[in-house]
Amino acid sequence: MTERTRRSWTEADRLAALAAYDILDTAREPAFDGIARLLAQIFDAPIALVNLIDSDRGWFKAEVGTGMTGGTIETSFCAVNIREGEGDVMVVADATLDPRFADNPFVSGEPGLRFYAGRLLRTPEGIPLGALCVHDLKPRSDTLTPIQASALEVLAGQVMDQMELRRSLRAGALEILSRQAVETELAATIEALAESEQKFRVITESMPQMVWSTLPDGFHDYFNARWYEFTGMEEGATDGDGWAGMFHTDDQDRARQLWESCLATGEPYEVEYRLRHASGTYRWVLGRARPIRDASGRIIRWFGTCTDIDELKRLRDGKDLLSQELSHRIKNIFAVVSALIALSAREFPEAQPFAKAVRDRVAALARAHEFVRPHTEASRPSVGSMTLHAFLDALFRPYADDAGRSRIILQGDDAVFDDQAATSVALLFHELATNAAKYGALSLPGGRVELTTQSVGDRFVLTWDERDGPRIDGPPTRTGFGSSLATVSVEGQLGGRLERSWRPGGLLVVADLPATALSRRRAALKAV
Amino acid sequence: MTARILIIEDEAIVAMELRFVLEDLGHEVIGMASDARAAQKAVDAGDVDLALVDIHLSDGPTGIELGRHLAQDQGVTVVYMTANPGMLGEGVAGTIGVLSKPTDERAVQTAVDYALRCRSGQPTEYAPPELRLFG
């Protein structure tokens, strides 16, 4: 089996392997020079080379007897040795008799090379980088003496050992260089970190808020000076889980549950709780925290603040209380006015129907107020939520049949409505229902009303449809105050249109409102 | 059916109007109290069948507890009458319900009638729509 057929490397592999030693065009070195000189002496030859074969040239790491640093690939015996040699050693007895070399200018011309003996320089992986060789200007035997063969083998090994040594040294030097670079970079990073840490501390220590930070698992490892100032605790005393003990016992479970849920989900944390002040009293505090994530999205830290909102909360609670109280007073005034009307009418029996009509209207207004006034959890009406349908249900409750079923059937889209719309809506439907009970569908036992509320684009349309009442022969000849009140409510207050159709089967009233009319304040807020 | 009724209400005009309505219906109004202490005195002084109890009295929002006590401990039938029915939440055990103010004669009449029927164990027809029942 020949060398060529079992070689497992390509020319590209060979050039890459050579490049890895980074030896081409380096300065002469005594170790390599010594090998070349020794080889020349052993062979008693005028020329000896440590010849490395690049892609287009032979380059001499060491040489004896040529005074050259290399030659073209075409004139190189060693290149042929690599390309065509059938073992590690190639011997040419007389180049003029060998067709591969007869035309070589160094053979046919000066210096007139005849003899060649070369051994390939192989890497530990077996890739030949060049050859260690001798030339003679006189032909010789094509058989090497045992000493010559042995010298070639040992010295070629020496060359490769030197090459390996070079490579290792160089790699080591690189390693040292790169370690130095890393260390320099590390030092710069540490310095930058220290600087940013210092900046962070300067900022956080001077903040009016309490600032804290935790590890990803929620372990508190930093509190700023303001925290210790507020709580009066020794520095470090609230690290880890110690902070939880600073909360009012009634707030601990709530805050801890939320905090644990935030740690699990990464959701921002926001909670109000009472925090023990250095004075021993508890003050309301707003706690907030956000996770800091690394480039891959992993939470690496939580940063949080505590803001003293005790004063703010007192003011807010006070305002709520005042507004509650005011609202209650207003509601009470409705009751007083209503009672006053009733008492006044006692003197004048003929005024009774009039008094009743006014009291009913006042009652409708009071009901509207109850629905839209500011509420606390305790005062919130328990029936349904504060929507148009819930309100109308309450308003129509007196018009139920004997079995308690409402005779005014409410259907369609529900809507939220505010205090500005409430009085108008209350008066409109109070008048329609009162009128229906006196003259319309609700004046007969089988009569009913279907009230449909529909959101149509930017309009909100309410359709009052009376059924199964007394037959209607045409519009009434005289319109009462109640009717005017309904019109004023819709067209004046709500900015809509009110149309009445006196159908034979019953009255049909359509109130067509701008969709924003029911909740003007919300609409205004949205527009901002 | 006539009854002995106590009005517990701190707005004198509202209380007076209510008194006239109840007397027109043939009931005996044994007193009008504007705070919890006066109400308790009136109950102790004579048999009271029914108390109409406002929540906010002149001594504060004492009506809820007063109504509970009268109903549970003193055998008085209690109907709350308030402008703020939401304050009663889901209701007070032992009392009948709450009537929202302002209200009218008819609502007062049916609510009182309903409460007295409950008290005497008579069958009650459907409750008046204005009266929100507890329990």
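Entry 1, ground rules. I worked from a predicted model, in which local features need pLDDT of at least 70, side-chain atom pairs count only at pLDDT 80 or more, and totals for chains, interfaces and linings use all residues. Residues are numbered from 1 along each chain as its sequence is written, while chains are lettered from A and ligands numbered from 1 in the order in which they are written.

Of the 528 residues in chain A, 30% are buried (20 or more other C-beta atoms within 10 Å of the residue's own, with C-beta atoms placed from the backbone).

I then took the contacts in chain A (C-beta atoms, placed from the backbone, within 7 Å) between residues at least 6 apart in sequence: 57% join residues at least 24 apart.

I traced an open sheet of five strands in chain A, with mixed pairing and the order β12-β13-β14-β16-β15; strands pair if DSSP finds at least two bridges between them. Its edge strands in chain A, each pairing on one side only, are β12 (408–412) and β15 (497–503).

I followed β15(A) to β16 (residues 506–514) of chain A: the two run antiparallel and are joined by seven bridges. In this pair, A:E499 is opposite A:V510 of β16(A).

I noted 28 residues from chain A and 19 residues from chain B.

Definitions and conventions:
Helix = DSSP H or I, 4+ residues; strand = E, 2+ residues; numbered from the N terminus. Contact = placed C-beta atoms within 7 Å. Buried ≥ 20, exposed ≤ 12 C-beta atoms within 10 Å, placed from the backbone.
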